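Student: I have a structure to read and would like to go through it step by step. Can we take it as questions and answers?

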Amino acid sequence: MDALLSRLFSSEEEERYILDCMGYFMVFMAACTFVSLLFENVPYGRYATSKYGFPVNVKFAWFVQELPAFLLPFCLVFWTSSAKTSLLPNQLLIAMYFCHYVQRALIYPFLIRGGKPTPLMSFVLAFVFCMYNGYMQVRYLSHYAEYPASWITQPCFIIGSVLWLVGWLVNVHSDHILRNLRKPGETGYKIPTGGMFEYVSGANFLGEITEWAGFALAGHSVHSSAFAIFTTVVLASRAVAHHKWYTEKFEDYPKNRKALVPFLF
Ligand SMILES: NC(=O)c1ccc[n+]([C@@H]2O[C@H](COP(=O)([O-])OP(=O)(O)OC[C@H]3O[C@@H](n4cnc5c(N)ncnc54)[C@H](OP(=O)(O)O)[C@@H]3O)[C@@H](O)[C@H]2O)c1
């Protein structure tokens, strides 16, 4: 792995520079995505359409598209001379990242019940995103990020870590509620209830946005901030679209439920 990286980059300064550029480019892509989502929903799940390629089995798609977000960082941490993995702040941030992606890549895909097939283009874009983001987050944290020794006692690290944990729990719990709306073999939609779904239609998205916002606060880097911004753009749009879809489909949909932010939005 070190040999591969040294072929790709002539020096550490160059790799560090590329990592920063990747962060800024992700912010740029978030802005482009924001504009495109004003016209069309991200085409998978209930919005899947054949316009974006042939349908890929949903469990296969989620497993394969998310796998690089786990495997590539795993190789970066364990098979490179990663200079910063012995430092506690870096270790904790890397642990947060892995906690999410072990669940998302290795557990979540196999629990899906009756999910719609994923169009090829959405699958390929998600695969590329996971590889890009996995490299950017974990290479930065494992080899370049430098925090003061007292970083983990600073308010932004503590508050960020708590937000990350609360967000992760809300996300996993909300996905669990959605999954259990369907009996084995069912593919239709029902009104979700319980947990944060009592307040918002996009409870799983609210959890994930909170999680990566917390990670960005704790990590204080362009790389983690770019990921939080990109996630917010994609998932806020999806929460708004789901909320509209629910209110149109179900006459008895709870009137006081918001799209993404309890009591507000
Ligand atoms: N970080 C990121 O940028 C990012 C991007 C995308 C997704 N994610 C995360 O990935 C996870 C899944 O995302 P998603 O967009 O697929 O979520 P979703 O649209 O809420 O769907 C999640 C699963 O639940 C099913 N489902 C949803 N609503 C249902 C209902 N009312 N009744 C019965 N079943 C229902 C869906 O089936 P169908 O397939 O049949 O709709 C799908 O299998 C979430 O935790 C999300 O936060 C993260």
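This is a predicted model: local features need pLDDT of at least 70, side-chain atom pairs count only at pLDDT 80 or more; totals for chains, interfaces and linings use all residues.

Student: What radius of gyration does the protein have, with its 265 residues?
Tutor: The C-alpha trace spans about 60 × 45 × 35 Å along its principal axes. For 265 residues, a compact globule would have a radius of gyration near 18 Å. The value for the protein agrees with that: 19 Å.

Student: What share of the contacts with a separation of 6 or more is between residues 24 or more positions apart?
Tutor: Burial is a separate figure: 38% of the 265 residues count as buried. For the contacts, take those with a separation of 6 or more and keep the ones between residues 24 or more positions apart. Their share is 83%.

Student: Are α3 and α4 roughly parallel or antiparallel to each other?
Tutor: Helix α3 covers residues 58–78 and helix α4 covers residues 88–111. Their axes are 8 Å apart and the packing angle is about 150 degrees. An angle over 145 degrees counts as roughly antiparallel. The two helices are therefore roughly antiparallel.

Student: How many nonpolar, polar and charged residues make the contact of α3 with α4?
Tutor: The crossing of these two helices is left-handed. On the α3 side the contact includes Trp62, Phe63, Leu67 and Phe70, and on the α4 side it includes Ile94, Tyr97, Val102 and Leu106. Lys59 and Glu66 of α3 and Arg104 of α4 also take part. By class, the contact has 16 nonpolar, no polar and three charged residues.

Student: How are α7 and α8 oriented to each other, parallel or antiparallel?
Tutor: Helix α7 spans residues 203–219, and helix α8 spans residues 222–249. They pack with their axes 9 Å apart, at an angle of about 165 degrees. Since angles over 145 degrees count that way, α7 and α8 are roughly antiparallel.

Student: Into which classes do the residues of the contact of α7 with α8 divide?
Tutor: α7 passes α8 in a left-handed crossing. Among the residues that meet are Phe205, Ile209, Trp212 and Phe215 in α7, and Ser224, Phe227, Thr231 and Leu235 in α8. The residues of this contact divide into 11 nonpolar, five polar and two charged.

Student: Which residues of α8 meet α5?
Tutor: Helix α5 covers residues 120–144, and its axis comes within 9 Å of that of α8, crossing at roughly 145 degrees. This crossing is left-handed. From α5 the contact takes Asn133, Met136, Gln137 and Tyr140. By class the contact has three nonpolar, four polar and no charged residues, and its α8 members are His223, Ser224 and Phe227.

Student: Is Ser221 buried or exposed?
Tutor: Ser221 is found in the loop between α7 and α8. Leaving aside neighbours within four places in sequence, Ser221 is in contact with Tyr140 and Ala145. Its C-alpha atom is separated by 9.1 Å from that of Asp20, 201 residues apart along the chain. A residue with 20 or more other C-beta atoms within 10 Å counts as buried, and Ser221 has 22, so Ser221 is buried.

Student: Which residues is Ala226 in contact with, leaving aside its neighbours within four places in sequence?
Tutor: Ala226 lies in helix α8. With 24 other C-beta atoms within 10 Å, Ala226 is buried. Ala216 is 10 residues apart from Ala226 in sequence and 8.4 Å apart in space, C-alpha to C-alpha. The contacts of Ala226 asked for are Gly23, Met26 and Val27.

Student: What phi does His220 have?
Tutor: His220 sits in the loop between α7 and α8. It counts as partly exposed, with 17 C-beta neighbours inside 10 Å. Although His220 is not a glycine, its phi is positive, at about 50 degrees.

Student: Does Phe263 count as buried or exposed?
Tutor: Phe263 is in the segment after α8. Its phi is positive, about 70 degrees, although it is not a glycine. Inside 10 Å it has 8 C-beta neighbours, and 12 or fewer is the limit for this class. Phe263 therefore counts as exposed.

Definitions and conventions
Residues are numbered from 1 along each chain as its sequence is written. The radius of gyration is taken over C-alpha atoms; the globule rule is 2.2 Å times the number of residues to the power 0.38. Two residues are in contact if their C-beta atoms, placed from the backbone, lie within 7 Å. Axes are lines fitted to C-alpha atoms, for helices over the stretch in contact, and angles run from 0 to 180 degrees between N-to-C directions. Helices (H or I, at least four residues) and strands (E, at least two) are DSSP runs, numbered from the N terminus. Angles under 35 degrees count as roughly parallel, over 145 as roughly antiparallel, 65 to 115 as roughly perpendicular and the rest as oblique. A crossing is left-handed if the near helix is turned anticlockwise from the far one by less than a right angle, and right-handed if clockwise. Ala, Val, Leu, Ile, Met, Phe, Trp, Tyr, Cys and Pro count as nonpolar, Asp, Glu, Lys and Arg as charged, and the others, Gly among them, as polar.
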